[in-house]
Structure formats: C-alpha cells, structure tokens
Amino acid sequence: MDGQFEMALMGENFDTSLLGRIKEDGEHRSGSDNLEAASSDEQDGTGDKQTKTKKKYHRHSPYQIQELEAYFKEKNHPDEKERLELGKKLSLDSKQVKFWFQNRRTQMKTQAERYENNILKRQNDELLVENIRMKEAMRNPICSNCGGPAILGDVSVEEHHLRLENARLKDELNRISTLANKFLGRPLSSLACSIPPMSNSSLELAVGRNGFGGFGSVDTTFPMGFDSKDGVFNALNVGLVQPTAPTVGMASLDIPLEKSFFVEPALHAMDELVKLAQIDNPLWVRSLDGGKEVLNHEEYMRICSPCIGMKSDGFVTEATRATGAVFINSLALVETLMDANQWVEMFPCMIGRSSIIDAVFSGMSGSRNCALQLMHAEFQSLSPLVPVRAIKFLRFCKQHAEGTWAVVDVSVDNIREFSDAHTFVNCRRLPSGCIVQDMPNGYSKVTWVEHSEYDESGVHHLYRPFLSSGMGFGAQRWLGALQRQCECLAAIMPSAVSSEDHAGVPLMGRRSMVRLAQRMTRNFCAGVCATMHMWQLVQVGNMGEDARLIIRNSVDNPGEPPGLVLSATTSVWIPVSQQRLFDFLRNEQLRSDWDELSHSGPMQEMVHIAKGHDHGNCVSLLRATAAKTNQNTMLILQETQTDATGSLIVYTAIDIPAMQALMNGGDSASVAILPSGFAIVPDCLPDSARPSNSTFSKEGGCNGSSGGGGGSLLTVGFQILVNDTPAKLTMESVETVNSLISRTIQRIKSALNCSG
C-alpha cells in the first residue's frame, strides 16, 4: 500500500523503477545522515576548543533506520517530546533524531523536485514536437471544409466530393485508431508503408498522412488510482487497409472493424472498476447499523457516466465491495478468470456453465494484458426459488503495473448488434470484477466489486432480503468462494499435507477423493439450479410451489449411472441460525436423526481431509456403524464448506471396491455418483418479517442464543436414478422422492425442536 501511495503522489506516468532507486537512495542517505547528526553533537561538546578535532563518524544500525523510517511514514515532523521518546527507544540522542528527520525531509523534498523537473522536461519536449508539427502544417495548408490540401482557384464538383469523402474517412479512421490506442495502452504499428502512393497528389486519399507519424513511443502504464484513458499521448500511425476486410491493427493481431465497438465499453468499464475499487467515502458509505458498505448512487452517477444505459423498469440494483488476501499469485488468478473452464472450476457453486463466444483479442506479447473476450455465463444461487442469471458480457483484462492486474465484466445488452428485443434479460452486469495485487509469500490482495441490476419479480419473497443484502451474488460471496477454493488447492499440495486424520491414505488417493468431491458438489449444484445438463421440467400437481422436479437422461457418461435421473429440490425457512443448522447436519453422530441411509445408527468418520483453516471445510468418508449394517457394502463420501454467506453439505453413496480403488490413486472420473445434499444461507430477515407461526426452542436453538441469531433458508436436493434405461417418469417415482424430501425436512425440524 505504501508503494501505491508514493506512486499516486508522484503522478500517473511514474516509472516504477524510479521508486526502487528512490528507496535504495533513501537507505543510503539514512546512513549518511548520521554523519551530520554526529558532527553536530561533537561540535556542541567541543565548541570551546581552539583546534579542530577529527570528527567521529557513526552510522545507524539497520534496526534504528527501520524504526526511524516507520515513524517517519506516520509523522515526519515529531516534536521534542516525541524525539526524546524515540531516541530513548533507539539509544540515540534527541539531536541525532532531530537531524535525521531534518535530513530525511530534505531528501524527500529533493526527490520530489527531481521528479517534477523530469515531468516538466518531458512536457517541454512534447511542446517542442507540437510546435514543429504546427509549423509543418502551416507550410501545407488544409481546406477547412473537406480536409484536403488548400488550392487557390475553383475545383470541379467531382473533386470536391472526393475531398469530402476523404475527410469523412479520415475522421472515421482516427476515431477507430484512438479507441484501439486506448485499448492497447500504446501506439499502433505503422501500416502506412503498405499503401502504394497515389499518382495525383492533389487527390491524396491515403489516411494517416496528416502529421500523425513520427512521435516517440510513450509508456502508458499507469499506477492504480488513475484513469486508464489518460495515458494515451501519441497519435496513431495507420494506413488504409483492404475495404473487403477492414481491421484495426493491434500489435501481432488485427481486430476487425465490426468488433471495434467492443473496445470503448471495455475501456469505460475498466475505468469505472478502478474508481469503485479505490474511492471510499463519499462513493461508498457505511450502512446505518455500521456494518456493510453501501454504494452512494448519487455520488456514483456524478463520477461514473452510464455504461450500459438506463435501468429497466422493475429492476433493482445491488452493489457490493470486498477486500481480502488470497493464497494465489496474480498471474495464476488472471489466467483462471480468462479461461472459461478454469473459471467454472474455481466457482462451481456460483457458475452453472460458461463459454467464450468470441476471443476479440488474446493479449499482448503472449500475456493476458489487454485480452478482451465476449462470454456467456449462467450465475446461480442454490435454490429453485432464485432464477438463474444468464448474462452475455465482455471480459477485459489489463495489467496496470508490475504485479497488479484488473479483470472487469460488463453486459453487452446496450450494444445494438447484440440486443434482442424478443429476448427477456433478467439481469444486467454493470462494470464488475476484481483488482489483484501480488503480496509476499505467494498471497495476493484481491479487491472484488460486484454491481448489477436484476428483475426482483422472479425471486421468491423468502429470498429477496438475502439477495438485496448482497450475500447471494455479492462481492463477499465471490471472494469467500475464491479464498476457500485456493485454500483447498493448497491443502492437498505435498508440502501442506500432514499425516493426521488421513487413515493411511496416500497423497494421490487424497487428491482423487478431493477431485471426486468437487465433481459431486458441482453436479449437486447443477441439479438444484437446472444448469450444466439438459434438464426437463416436470409439472406435477402435488408438488408445492416451493419445490421443483426436473429429469434428464444420462447416456454414455462414466461418472453417472445410465438411465433416467430425477432431481427434486425444495427450499424452506428454518427458525435456526445458519451455523447451528450446518453443525447439526454435518455431525456424523447425529446423522441418524435425519438420514435414512444411516440405518438408525451413528456414522463413523473413517477419513477426514481438511481443505482449509476452517474445520467445516473438508472432505470426509463416512461408514454406518449400526449392528444390522455389518454386511453393508456402501460408504458415504461427503464434502462440507462454509463461510459467512452460506454453507453447503453434499454427499453420495459409493461402494467399497470403488472407494478402495480411488484411495489408491484411481481415476475419479470413472466413479458413478448421484449426489444429494443441503444448501444453507442466512435469511437476512428482520424479526418483524419472520413467519409468525414459527416455534423457537428455548435453549440454544432457534432464538439464536447459541450459534448466532436469526433464521436460515434451507435447500434440500436429492438426485435418484429412476430407471436403468431412459424411460418415462412414473407417478410412483414422483411420490417416492416427494415423500423422501418431506420426511427429511420434518425429521430435521423435529431434531432441532422447532417448526415453521
């Protein structure tokens, strides 16, 4: 943060290498400052002597310099009392401290003046170049009407029309070139050399001739906190291209003109993301209860012009911001976000499916810098009562500084070529994304911003407070999911794995179990939200409005049993806090209270694989211990995960031979599973809005006296195989799964001593 602050003080074109030299110089000067301090002390003590004695030279220790520098950052002009305390702490005289601070302030002032002089010198050079260009333009006067060379006397009507057309083409090319220049952050390569000269110089139609070449390259990399459009100083050197395939040259790749309209909204979105990530008050203000940050829409409209048009009628806005440390470096995270498959694997509970429609620009110099792609994604919240958000958007990646990247999304509904009046869009993604800055020890500081507009009428009333709080699709949920997934990846690395709680399972076996658990969780989320596969909705009269029944045929999929798969889900309000409900459902000793697979007996945890610091984030292997299950050949693989925005418990039955092969490092993709489980989120309801007919337990239950207050929203989902071969769904199967869900919910409420 200190480095960013220094860059922000010194201007948008600050060379990061200069900062390193400044810091180096500062450490050297800090040591030499001690010479002056020691000299002053010595002169005070020997002023009565007539002869000049040799001065004693003393340098501060590295520890003293470090402490002085740290204090200087907080207060660069300490008073006498503070100097005495600091000198006592560092075993220095008050005058030594005083002289050190004087020299440090002088050094800082000198560095600032030196940098300011460099800026003035560069500006002077630019003015000289501009002066030369203007003198050249005066030697070759241009017609103000058509932009062609000014010629005395009358011209023919045909020649006049050609000049007007030439001026129009120049303006169009300049507009496109400017957009491309902003997109790249540096001047384009010259294409003028490929244009053959015209025989009639008075009818010169080549574009890019009118003083747009010859400017030196300027590094437009800007520090965080500055507008990305401000770094464009150079005019473009571009030639006329083939009319049958118009393109805008972009380093090693050309962008067709029909795709150039993507550039401006991408740049606009990037600018807005930087502002939303870095500006605090008054853009972001604390809510009345002092909790979460709230976007000040009046201030937002003042500093950010509309990016995708006006909000539709009936839409509501949600805007959130979150910052945290993530165990991943910036390059790896950027690569994950720019790859559709890796992105879905990183956020399996939040993204149903994703694809890249068009890679507009793949990046510069083999990196993701300035990569721009058109994407489609389905964002999901784990409940049948919350519609899936299908969005088509641009994703733009830019490197702002060494080790600092930003990735931004913005919907393309406002772009005429992609707007469809016949297609209803239930959500629009305003500029949203993250800024990633490398930190020591492999961590990155991630600032996540989520800003969207959605149609609230399609959301069930139980989930509206949850979504409006920002916990459903907000920045905190994205950041929490990222932190949890990165912790999981780090936990199964050889250097991080311990021998405890693994029951002798080798490393490859643990990895295979984790991969199978991840596939199990993703399939469960797809069954709840009807994503990833081709699901068919089943209309049944006896299913309540809070439940959903969908089916699909599983064919030629080694990871699933073949046949007709039925997924049944429902969401209910439970007058129990999220944490207490999660602890109850994942407790293997209490599993028989709700799970019919436990055969009315407690479960034993055979293997426990931790996936992070929170004990609730883990993969477990369970076995029933009831007496009548001695001959049982089934085990239960279970994954649990939790954070402040929600909890998840997913499990599936696996036969012992398949699990033994998996624990020996076998291929997890060949294990056939059908997952079931629970998704739990806080209800975010005020007490006055909770159902009045609910009954709360008196001790440590629904009244929140233990494990937090408030209620929770529980989603129950089961996937079962109806037939071994694809066939029609029978009413018997529907009644069976409906009864299973009802019994499970009732047993959970009874065990928690509450109803609602």
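A salt bridge here is a side-chain nitrogen of Lys or Arg within 4 Å of a carboxyl oxygen of Asp or Glu. The views below come from a predicted model, in which local features need pLDDT of at least 70 and side-chain atom pairs count only at pLDDT 80 or more, while totals for chains, interfaces and linings use all residues. Residues are numbered from 1 along each chain as its sequence is written, and side-chain values use heavy atoms, with hydrogens and water left out.

**View 1. The salt bridge between R368 and E335.** The closest N and O atoms of R368 and E335 are 3.0 Å apart. R368 lies in the loop between β6 (351-361) and β7 (372-379) and E335 in helix α9, so the pair ties together parts that are 33 residues apart in sequence; helices (H or I, at least four residues) and strands (E, at least two) are DSSP runs, numbered from the N terminus. E335 counts as partly exposed, at 30% relative accessibility, where buried means under 20% relative accessible area, exposed over 50%, and partly exposed in between (1.4 Å probe, protein chains only).

**View 2. Helix α9 and its N-terminal cap.** Helix α9 spans residues 330-338, and its buried residues are S330, L333, V334, T336, L337 and M338.

**View 3. The largest nonpolar core, with W343 among its most connected residues.** A nonpolar core is a set of buried Ala, Val, Leu, Ile, Met, Phe, Trp, Tyr and Cys residues joined through side-chain atoms within 4.5 Å. The largest one has 48 residues, and those with the most contacts inside it are W343, F347, V446, Y463 and L482. Helix α12 (residues 475-491) gives the most to this core, with six residues. A second, separate core of 34 residues includes A624, I649, F678 and L714. Leaving aside its neighbours within four places in sequence, W343 is in contact (heavy atoms within 4.5 Å) with residues including T336, L337, M375, F393 and W478. In soluble globular proteins, nonpolar side chains tend to be buried together.

**View 4. The salt bridge between R484 and D643.** The two side chains meet at 2.6 Å, N to O. The pair links distant parts of the chain, with R484 in helix α12 and D643 in strand β18 (residues 634-643), 159 residues apart. R484 is buried, with a relative accessible area of 15%, whereas D643 counts as partly exposed at 22% relative accessibility.

**View 5. The salt bridge between D583 and R586 within helix α14.** D583 and R586 both lie in helix α14, three residues apart, which is about one turn of the helix, and their side chains meet at 3.5 Å, N to O. Both count as partly exposed, D583 at 31% relative accessibility and R586 at 23%. Elsewhere, salt bridges that share partners join R395, D409, R429 and E450 into one network, and the structure as a whole holds 20 salt bridges.

**View 6. The loop between β11 and β12, with M439 and N441.** M439 lies in the loop between β11 (432-438) and β12 (444-455) and is partly exposed, with a relative accessible area of 36%. Together with F327 and Y443, M439 makes a nonpolar surface patch of about 250 Å². Patches are made of residues with over 30% relative accessible area and no salt bridge, like charges being joined within 9 Å and nonpolar side chains (Val, Leu, Ile, Met, Phe, Trp, Tyr) within 5 Å; accessible areas come from the Shrake-Rupley method with a 1.4 Å probe, and for residues only the protein chains shown count as cover. N441, found in the loop between β11 and β12, counts as exposed at 69% relative accessibility, and its phi is near 65°, a positive value in a residue other than glycine.

**View 7. The cis peptide bond from N281 to P282.** Omega of this bond is near 15°, and P282 has its place in the loop between α7 (263-278) and β3 (284-286). Most residues other than glycine have a negative phi, and most peptide bonds are trans.

Technical notes: Polar contact = N/O pair within 3.5 Å; in protein donor to acceptor, adjacent residues only side chain to side chain.
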